[in-house]
Amino acid sequence: MNKLKIVFMGTPKFSVPILEALIKEYDVIGVVTQPDKEVGRKRILTPSPVKECALMHNIPVYQPKRIRKEFEDIKALNPDIIITAAYGQIVGMDLLNSPRFRSINVHGSLLPKYRGGAPIQRAIMNGEKYTGITIMYMEKGMDSGDILSQRSLEILDTDNNETVFEKMSYLGRDLLLETLPLLIEGKITPVKQDESLVTYAYNIEAAEEELDFSKNAKDVFNHIRALSPAPGAYFMLKDEKIKIFASKVSDLSHSDVPGSIINVSKKGFMIACGDSTVLEVLEIQQTGKNKISAKDFANGALRKYL
């Protein structure tokens, strides 16, 4: 069993615990990840977390710009199975069907809900109480393959996308390690997805980062934590972009115009939302500055906007 030859495809930090577990238990003969990207104001060329992990373990790394056209070197490795986890490119079926045990994906939702590239953010944004991991066969349609295993995870009000990503990463690792031996031994009966229950989780667009205070405070609260700590949700205050990274729904009500800053005190400030609901702001960031508490903002820079 431990001689199973695996090609792993992944890119972000989410994928690293999964890769590390596979390296420990199996024979990872190659890692495929996105090309290095320029990061930060100085545009420093930076490898993905998955690449860093692979190099640390002396595993060959492949970084095709377009894997649908540049896959022959990977196919030539002749793996027993390909495992993907947040890779970030569409992989052609010629490559996916080439291993004897085909190709499987570790996906961050309870499929068929939230197919797509931002399942965790969308689940938080929509106020879901649960999300989870699905391990399924890779097919031509986006996240449409037969399900091999699933496990759910509760989303707490204290969670944001960072905390859920971390918990889901380890959940995916553990579920994969349980699923792989059963799959190889032929002890799993794949289950087709119910197409009538399909929903999509498209990638977050830049326009969605701006908050809409005409919505009720609970929806705004969910939107903030879905985008926290990155990319961060924001609102405009006298032509300046102010990002909010933490907030909570207040028990208070109001009769102001949604989007108005209210209840400013030495303790902080609140924002009027739709349905007479109120959002208490906890942590913000002005453009080009460090994150600070809403309390510090209320006792300092906020005064110039009022």
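Let me start with helix α1, residues 16-25, which is mostly covered: 7 of its 10 residues are buried. Keep in mind that this is a predicted model.

Which residues of α1 are buried? They are Val-16, Pro-17, Ile-18, Leu-19, Ala-21, Leu-22 and Ile-23. What do these buried residues pack against? There are strands on the list, namely β1 at 5-10, β2 at 27-32, β6 at 81-85 and β7 at 103-107. There are also helices, α2 at 49-56 and α6 at 161-184.

I will take one of those partners, α2. The axes of α1 and α2 are 9 Å apart, and the two helices pack at an angle of about 20°. Angles under 35 degrees count as roughly parallel, and α1 and α2 are therefore roughly parallel to each other. The crossing of α1 past α2 is right-handed.

Which residues make this contact? From α1 come Val-16, Leu-19, Glu-20 and Ile-23, and from α2 come Pro-49, Val-50, Cys-53 and Ala-54. Sorted by class, the contact has 7 nonpolar residues, no polar ones and 1 charged one. As for the spacing along a helix, an α-helix has 3.6 residues a turn, so residues three or four places apart point the same way.

I will go through its pairings in turn.

β13 and β14 form a hairpin with 4 residues between the strands. Which residue in that hairpin takes a positive phi? That is Asp-275, with phi near 60°.

Then there is strand β15, residues 291-293, where 3 bridges make the link to β14, again antiparallel. In this pairing Glu-283 stands opposite Ser-293 of β15. β14 and β15 form a hairpin too, with 4 residues between the strands. In this hairpin Gly-288 has the positive phi, near 80°.

To go back over the two parts: α1 has 7 of its 10 residues buried and lies roughly parallel to α2.

Definitions and conventions
Residues are numbered from 1 along each chain as its sequence is written. This is a predicted model: local features need pLDDT of at least 70, side-chain atom pairs count only at pLDDT 80 or more; totals for chains, interfaces and linings use all residues. Side-chain values use heavy atoms; hydrogens and water are left out. Two strands pair if DSSP finds at least two bridges between them. Buried means under 20% relative accessible area, exposed over 50%, partly exposed in between (1.4 Å probe, protein chains only). Contact means heavy atoms within 4.5 Å. Axes are lines fitted to C-alpha atoms, for helices over the stretch in contact, and angles run from 0 to 180 degrees between N-to-C directions. Angles under 35 degrees count as roughly parallel, over 145 as roughly antiparallel, 65 to 115 as roughly perpendicular and the rest as oblique. A crossing is left-handed if the near helix is turned anticlockwise from the far one by less than a right angle, and right-handed if clockwise. Ala, Val, Leu, Ile, Met, Phe, Trp, Tyr, Cys and Pro count as nonpolar, Asp, Glu, Lys and Arg as charged, and the others, Gly among them, as polar.
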